[in-house]
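Here are my notes for you on this one, as numbered points. Have a look at the model first, then read along.

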Amino acid sequence: MRLYGMVLVLLLASACTSVPEGIEPVQSFKVDRYLGKWYEIARLDHRFERGLSRVTADYEMREAGGIRVINRGYSAEENAWEQAEGKAYFVADPNIAHLKVSFFGPFYGSYIVFELDDDYQYAFISGPSREYLWLLARAPNVSEELKTHFVTVAEEKGFDVDSLIFVEQHSNAEY
């Protein structure tokens with residue numbers, strides 16, 4: 001029974017850091033270029049971000065290894081900022097944009113950058129399944145062309161684009 005439990009835990013853990021079929025992580029990924037502040041432009045809804053606007057993600061190297069992740073968003077309902085700190089590590093090769101990220105102790109989920117422009121100004125990210133999708137950008141507002149491209153690519157890859165939330169950002173607000 002103990003062996004069964006260990007196998008089940010290993011299967012669940014690997015499923016959370018897997019790559020959905022048809023999603024290919026960016027190759028030749030340069031983590032130093034990816035570090036810094038990103039603004040959340042669009043996402044699929046999750047309980048951990050529900051109701052948040054002005055969402056940002058900050059990435060920096062951790063002294064102990066890996067990447068420090070700070071996600072921050074404004075809750076109008078609470079009239080307060082919410083923040084979560086996590087850690088991320090490459091699943092395999094650091095030149096492949098497939099990481100595992102944790103905000104809850106030993107539990108990790110996939111973070112897969114599957115499209116990234118040459119200047120590292122926008123990124124399309126998936127989680128371990130098609131229930132997780134984000135468009136991040138270096139600026140709080142992006143062109144309609146980029147939004148359309150994101151929706152087109154996401155739809156082609158099987159994401160539920162009808163459920164996308166375009167995040168309210170304020171270009172002049174304090175983040």
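1. Let's start with a charge and a ring: the charged end of R130 sits over the ring of F159, 5.8 Å from its centre. For this label, NZ of Lys or CZ of Arg must be within 6 Å of the ring centre and within 35 degrees of the ring normal. R72 gives another case, lying over the face of W81 at 4.2 Å from the ring centre.

2. A quick word on the ground rules. This is a predicted model, where local features need pLDDT of at least 70, side-chain atom pairs count only at pLDDT 80 or more, and totals for chains, interfaces and linings use all residues. Residues are numbered from 1 along each chain as its sequence is written, and side-chain values use heavy atoms, with hydrogens and water left out.

3. W81 also has an aromatic partner. Rings of Phe, Tyr and Trp (its six-membered ring) pair if their centres lie within 6.5 Å; planes under 30 degrees apart are stacked, over 60 edge-to-face, and the rest tilted. The whole structure holds 14 such pairs. Y74 and W81 make an edge-to-face one, with 5.4 Å between centres and 65° between the planes. Are these two residues buried or partly exposed? Y74 is buried, at 15% relative accessible area, while W81 is partly exposed at 30%. (Buried is under 20%, exposed over 50%, partly exposed in between, with a 1.4 Å probe and protein chains only.)

4. Now look at F29 and Y120, a tilted pair at 6.3 Å centre to centre and 40° between the planes. F29 is in the loop between α1 (2–16) and α2 (31–34), and Y120 is in the loop between β6 and β7, 91 residues apart. (Helices are DSSP runs of H or I, at least four residues, and strands are runs of E, at least two, numbered from the N terminus.) F29 is buried at 2%, and Y120 is buried too, at 6%.

5. Finally, the largest nonpolar core has 21 residues, and Y34, Y59, Y111, V113 and L116 have the most contacts inside it. (Such a core is a set of buried Ala, Val, Leu, Ile, Met, Phe, Trp, Tyr and Cys residues joined through side-chain atoms within 4.5 Å.) Which strand gives the most to this core? β6 does, with three residues. Leaving aside residues up to four places away in sequence, L116 touches V26, F29, Y34, W38, Y122 and A123 (contact means heavy atoms within 4.5 Å).
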